[in-house]
Amino acid sequence: MTTTFDKNLILDALRSVLPATGGVVALHEPNFSGNEWAYVKECIDTGWVSSVGKFVDRFERELAAYTGVKRAVAVVNGTAALHISLLCAGVQPGDEVLIPALTFIATANAVCYCGAVPHFIDTNEETLGADPQKLAAYLERIAAIDAAGCRNRITGRRIKVVVPMHTFGHPVDLDPLAEVCRRFSLVMIEDAAESLGSLYKGRHTGQWGLLSAVSFNGNKTITTGGGGAILTDDEELATRAKHITTTAKVPHPWEFNHNLVGYNYRMPNLNAALGCAQLEQLPGFLLAKRKLAQRYQEVFAAVPGIRVVAEPPGCQSNYWLNALLLDAEFSDQRDAVLQVSNDAGIMTRPAWTLMHRLPMFKECPRMDLSVAESLERRLINIPSSVVLGAGPDHA
Ligand SMILES: *Cc1c(COP(=O)(O)O)cnc(C)c1O
């Protein structure tokens, strides 16, 4: 059976879900319909706008409770959260860190900030994240385990950490991946930047990593303007993360004493105030996003040659960013779809350029990346703001 491909059917499907605004429908815009203004005003009225204040502590407490970890450390952005998570996991200059080739640049940059080398791994077509089986088969061939841990037999470097990333909010298959980590003496750090509110087997993503990073950038499910957090169940690591993200200052009522080269990565109180207000609305946001994803699923079921990426079995995705996936035979139509939708005022965009194609990462080690490369040719992100799924029940 041959199907014919019609990009105008895709445009019609998008139009049937999205409002006719006359303007441009954004890919993902923030939603401020709660206590944002009241909490931010409180910061300004009291003068507590900067690196100390009650909203930082409250945001950390509530975020830890929501995600089901013992501790959360709020920082300036998700990239900083990844950087410090890798340092706390013991990543050292010259180590290799396994990360997906299909990710946002922040994952690779954070590895480089540690003086370590990104080592690119392939993606599973169903989860859009790390493929545990393919990774295990690869490590079987290139890795040697000794007293010091895992070593890359080809480069001679230590492989310390694997960083799964929950693409567009869809959880990676974490249990088999954790098994691969145990087998090859690797530490897992989750890049959960996109997956706040996403569950794997009923538990929040971010609970599998020794430490995990989330982001509150303006385009994420909830935002603090810019911001991020480190999640962990390890009290000692949390205390250490807090210390090095706050200039490694030794607590004292008046003395300025620092015992490490630390970072000024702490989230300001103003941003945390925004975060507290956003967190209150997160359950409603998730319902709206799920509703929007369902509508997309329904209308695209009738369009040949394309499907909407759905949450993997056993998972609950936050549906941060919806994605269309063209059938392989129509991958040459991607740019035509991008063109026709953007021309119609509906913002769509392709996947990130894969990391191994970027000039600074061209020489980095990598496994066969054929699935990521196929996804890169076929993936199209479509508008996913909370407001688009908010019906009269939670407008
Ligand atoms: C958003 C994001 C980050 C962190 O980004 P910041 O803008 O620094 O908060 C990290 N990894 C991925 C995959 C992301 O999407």
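Biologist: How many residues in the lining of the second largest pocket are nonpolar, how many are polar and how many are charged?

Modeller: This is a predicted model, in which local features need pLDDT of at least 70 and side-chain atom pairs count only at pLDDT 80 or more, while totals for chains, interfaces and linings use all residues. Residues are numbered from 1 along each chain as its sequence is written, and side-chain values use heavy atoms, leaving out hydrogens and water. A pocket is an open set of points on a 1 Å grid over the protein atoms alone, with protein on both sides within 12 Å along at least five of seven lines, and lining residues have an atom within 4 Å of a point. Here the lining of the second largest pocket divides into 1 nonpolar, 4 polar (Gly would count here) and 1 charged residue. Its lining residues are Ser51, Val52, Thr246, Thr247, Asn264 and Arg266, and its volume, the space filled by probe spheres set on the points, is about 180 Å³.

Biologist: What volume does the largest pocket have, and which residues are closest to its centre?

Modeller: The largest pocket has a volume of about 300 Å³, and of its 23 lining residues Phe104, Ala106, Ser215, Asn217 and Lys220 are the closest to its centre. By class, this lining has 9 nonpolar, 10 polar and 4 charged residues.

Biologist: Which residues come nearest to the ligand, and how much of the ligand does the protein bury?

Modeller: A residue is near a molecule if one of its heavy atoms lies within 4 Å of it; of the 16 residues around the ligand, Gly78, Thr79, Glu194, Ser215 and Lys220 come nearest. For polar contacts we look for pairs of N or O atoms within 3.5 Å. An oxygen atom of the ligand is 2.8 Å from a polar backbone atom of Gly78, and a ligand nitrogen atom is 2.9 Å from an N or O atom in the side chain of Asp191. In the side chain of Lys220, an N or O atom is 3.2 Å from an oxygen atom of the ligand. Taken alone, the ligand exposes 390 Å² (Shrake-Rupley method, 1.4 Å probe), and the protein buries 92% of that.

Biologist: How much space lies in the largest cavity?

Modeller: In a cavity a 1.4 Å probe fits but cannot get out, and the largest one here holds about 40 Å³. Its lining, which includes His28, Lys220 and Phe285, divides into 3 nonpolar, 6 polar and 2 charged residues.

Notes: Polar contact = N/O pair within 3.5 Å; in protein donor to acceptor, adjacent residues only side chain to side chain.
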